[in-house]
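Me: Please take a close look at one part of this model, the interface between two chains. Keep it brisk and give the cut-offs.

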Amino acid sequence: MENITGTVVKLTEKYIVLIMPDGSFKNVNRSKEQVPLIGEQFTFRATVPIYRWAAIAAAFLIFAICIKLCIPLLDNSRTAYIIALDINPSIEIQTDNKLRILKIDSINDDAEKIIGKSEYLNTYLLTALENIIDKCIGYGYLNHERTGFINVTVIPLKGNDLNYENTIKESLQGVLKNRNVEVKLAIGISSIDILNKAHQNNLSANRYILYRDLTEKGVAITVDEARKIPLRELMEFEKIQKNRTEEYIPEIKDNSGNKGRKSGTNNYETDSSKSSEALNPNDNADFGSSGALKGGNIGEKSNGISDTTSDDNPNKENENTDTTISESNSIEGKKISPESSAGIGINPSQGQTSNSTESGESIEQSQEPADKNDDSIDATNSNIDNRGSNRDNTSGNSTDSSNKRCQ
Amino acid sequence: MEQAQFEQEVKNARMGNELARQNIIKNSRSYIINVVSHVCKRFVTWNDDEASIGLLAFNRAIDSYEEGKGRSLLSYAYCLIRRDLINHFRKNHRNELSLDYLYDHSNSFSSDEILITAEEIEISVRDYLEKVESSDLAAEISELETILEEYGIGFEELEASSPKHRDTRELTMRMIADFLTDEELRYDFIRKKRFPATAFAKKKDYPLKTVERHRKYLIAMLIIKLHPEWQHLSGYVRID
C-alpha cells in the first residue's frame with residue numbers, strides 16, 4: 001500500500017473526488033471528519049480494490065485446496081516403514097523413522113474389529129502391537145490351546161535402513177511369552193514393490209509372499225484362495241495339498257515307500273532279535289506299500305509274495321510278513337480298506353507263527369495279541385502247515401482267517 | 001473564463017448586473033458549499049442553514065471585493081464565509097463542537113477574545129493560501145464542474161470511465177487530439193452539449209466500444225482542453 005496524492009475536485013457525502021496528476025479521476029472514501037477544500041492536495045492510502053481481494057482469496061483457496069490434497073502425500077513422505085502384520089486379522093501400519101504410527105489400515109474384516117477406532121495413531125508401534133496381540137487374544141484369534149501364527153513383514157521405504165525387525169521380533173516374543181500364548185512367529189523384510197503387487201492382488205503383504213512362494217513351488221493356489229483361507233491353512237497349504245494329493249492319487253510311490261520304511265523301522269525296534277535277512281528294508285517296503293497303501297491290489301500282490309517266499313524260505317517269508325503286519329497295524333490302521341485288510345490279515349498269523357518258532361521271549365511278546373484271538377491263530381497255524389501242499393487253499397484260507405482277525 | 005474577463009464580470013455584478021452576479025455565484029456554488037463544509041467540519045448540503053450563510057457571505061464578497069489587492073475573489077470569499085459562520089456559531093451556541101474547534105485553534109485566547117479579528121483572518125488566509133496551491137485552481141474546478149453539469153456529468157462519475165492503464169490513457173489522449181482536429185465534431189460537441197461518439201468512432205476509426213467506455217472522461221478532458229485559460233487544470237491533460 002502506498003500514499004497517493006491528488007487534487008480535490010469535489011466532495012460528496014461518501015467520496016472525495018480527486019483528479020490525479022495523470023489526468024484520471026479517483027473517488028476516495030470519505031470519513032466524516034475529512035472535509036478538504038476544493039483545489040487542495042489530498043493524500044490517501046491506496047487500498048487494494050475488491051476484485052484484487054477476490055483474486056487473492058481465490059489464490060488462497062486454491063492454495064488451501066492444494067495443501068489439503070497434498071497432506072496425504074506429505075504424510076506419505078514422512079512414512080519411513082510399513083509393517084504388514086498377519087495374525088488372522090491383516091493389518092498394515094505406516095510409521096515414521098522412530099516407529100511412531102502415522103497410519104493404520106485394516107486389510108480384512110477381522111482387522112476392522114481390532115483397529116476399528118484408529119486409536120493407535122501417534123502411538124509407538126511396539127505399544128500398539130502389544131495392544132493388538134491382547135485384542136487378538138480377546139477375540140480368540142490367538143489362544144492358549146493351539147499354536148497360532150503371526151507373520152510380520154517390515155517394508156523400509158527409501159532411505160530408511162534401520163533394521164527394526166529384530167526389535168519387533170523380540171518385543172512380540174516378549175509379549176507372547178507374558179501372555180503364555182504359543183505362536184509361530186515369522187518376521188521378514190520386503191520391498192515396496194511386493195507391497196504394491198500385494199495391493200494389486202488385493203492381498204496383504206504376508207499373504208502375497210506366501211502365495212508367491214507357493215506358486216513358485218508349483219502348488220496350485222489361486223489369489224482368491226490366498227485371500228480367503230485362514231492364515232494357518234495358508235501356512236500349511238503345501239502340506240495340506242500334499243496330503244490331499246496322496247489321498248486322491250494313490251500311485252505316488254515315494255510317499256508310500258517312506259511310510260513303509262518308517263513303520264518298518266518301528267517294527268525293528270520292537271523285534272530287535274530278528275535276522276538281518278528278515279530286516280531287509282526293501283522287502284519290507286514292498287510289502288508295506290502293497291499292504292498298507294495299494295488297497296484293492298494288495299490281496300493279489302501279497303498272495304504273489306506269499307507264493308514266492310513260501311517256495312524259497314518259509315521262515316523268511318514269515319518274518320517279512322511279520323513286519324508287514326505291524327506296519328499295517330501301526331500306521332494305516334483304520335484307513336485300510338476291507339481289501340487291504342484282507343491282504344494284511346494273512347501276515348499277522350504268519351508273523352506270530354514265525355515268532356513262535358524263533359524264540360520263546362518273542363513268542364510271549366507276540367502272543368499277547370494272539371491270545372486275544374486264539375481261533376485265528378489256530379486257523380493260520382493250520383494254514384501254514386498246509387501251505388506247502390496246497391498253495392491255493394492257503395491263500396484263500398489265510399485271507400479268511402485274517403479277515404476274521406481284523407474283525 | 002480568463003482573469004480579466006472574470007474581473008470584469010465581478011465589476012458588472014457589483015454595478016448591479018444581476019445576470020453577471022448569478023453567473024459568478026452559479027460557477028462558484030460548489031466552492032461555496034465546500035468552504036462551508038470545511039469550516040463546519042462536516043458535509044453540508046444546500047438544505048442546511050450554514051450553506052445559506054455561506055452563500056450570503058459570498059454574495060457580500062462580490063460587493064466588497066477590490067481587484068488589484070493581490071487576492072482572488074474566491075480567497076476573499078473564503079475569509080468572509082468563515083467569519084460569518086463563526087459569528088453564526090457564537091450567536092446560536094448550538095454547535096458545541098464547532099465552538100470547541102474554534103477554542104482549540106485560538107489556544108490562549110480567553111472567552112472575551114473569541115471574536116475573530118481582522119489580523120486573525122489575515123493569518124487564516126495566509127494559511128489557506130499556503131495550503132491550496134492557488135485559489136484559481138478551485139475556481140477552474142468549479143467552472144469545470146458547472147460545464148460538466150451541462151453535459152449531465154458529475155465529477156464522481158468520471159472515475160468509472162477513466163483509463164486505468166498507461167496504454168489506454170495514451171489512446172484516450174490520441175482520441176482527444178484527433179477529436180479537436182475535426183471542426184465538425186468540435187462544433188457538435190460545444191453546440192449540442194453532447195459527445196458525438198458514433199460519428200467520432202467512424203470518422204477517426206476508433207472502436208466505438210472503447211469510445212463509449214471512456215465517453216465521460218473524454219468529455220471532461222475535451223472541456224479542459226477547450227479552455228486553455230484554465231492554466232492549472234490544463235496541466236492534467238498532456239497530449240504528447
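How many salt bridges does the rule find across the interface of chain A and chain B?

Reply: The rule finds three salt bridges across the interface of chain A and chain B; each needs a side-chain nitrogen of Lys or Arg within 4 Å of a carboxyl oxygen of Asp or Glu. One of them joins Lys10(A) to Glu145(B), with the closest N and O atoms 3.6 Å apart.

This is a predicted model, where local features need pLDDT of at least 70, side-chain atom pairs count only at pLDDT 80 or more, and totals for chains, interfaces and linings use all residues. Residues are numbered from 1 along each chain as its sequence is written, chains are lettered from A in the order in which they are written, and side-chain values use heavy atoms, without hydrogens and water.

Now the extent. In contact (heavy atoms within 4.5 Å) are 26 residues of chain A and 31 residues of chain B. The two chains bury about 2500 Å² between them, and carbon and sulfur atoms give 62% of that. Buried area is the accessible area (1.4 Å probe) that two parts lose on being put together, summed over both. Phe25(A), Leu37(A) and Ile38(A) supply 29% of what chain A buries against chain B, more than any other three residues.

Confidence comes last. The predictor gives the complex an ipTM of 0.80 and a pTM of 0.45. Chain B has a mean pLDDT of 83, with 84% of its residues at 70 or more; pLDDT is the predictor's confidence in each residue, from 0 to 100. Over residues 103-112 of chain B, pLDDT stays under 50.
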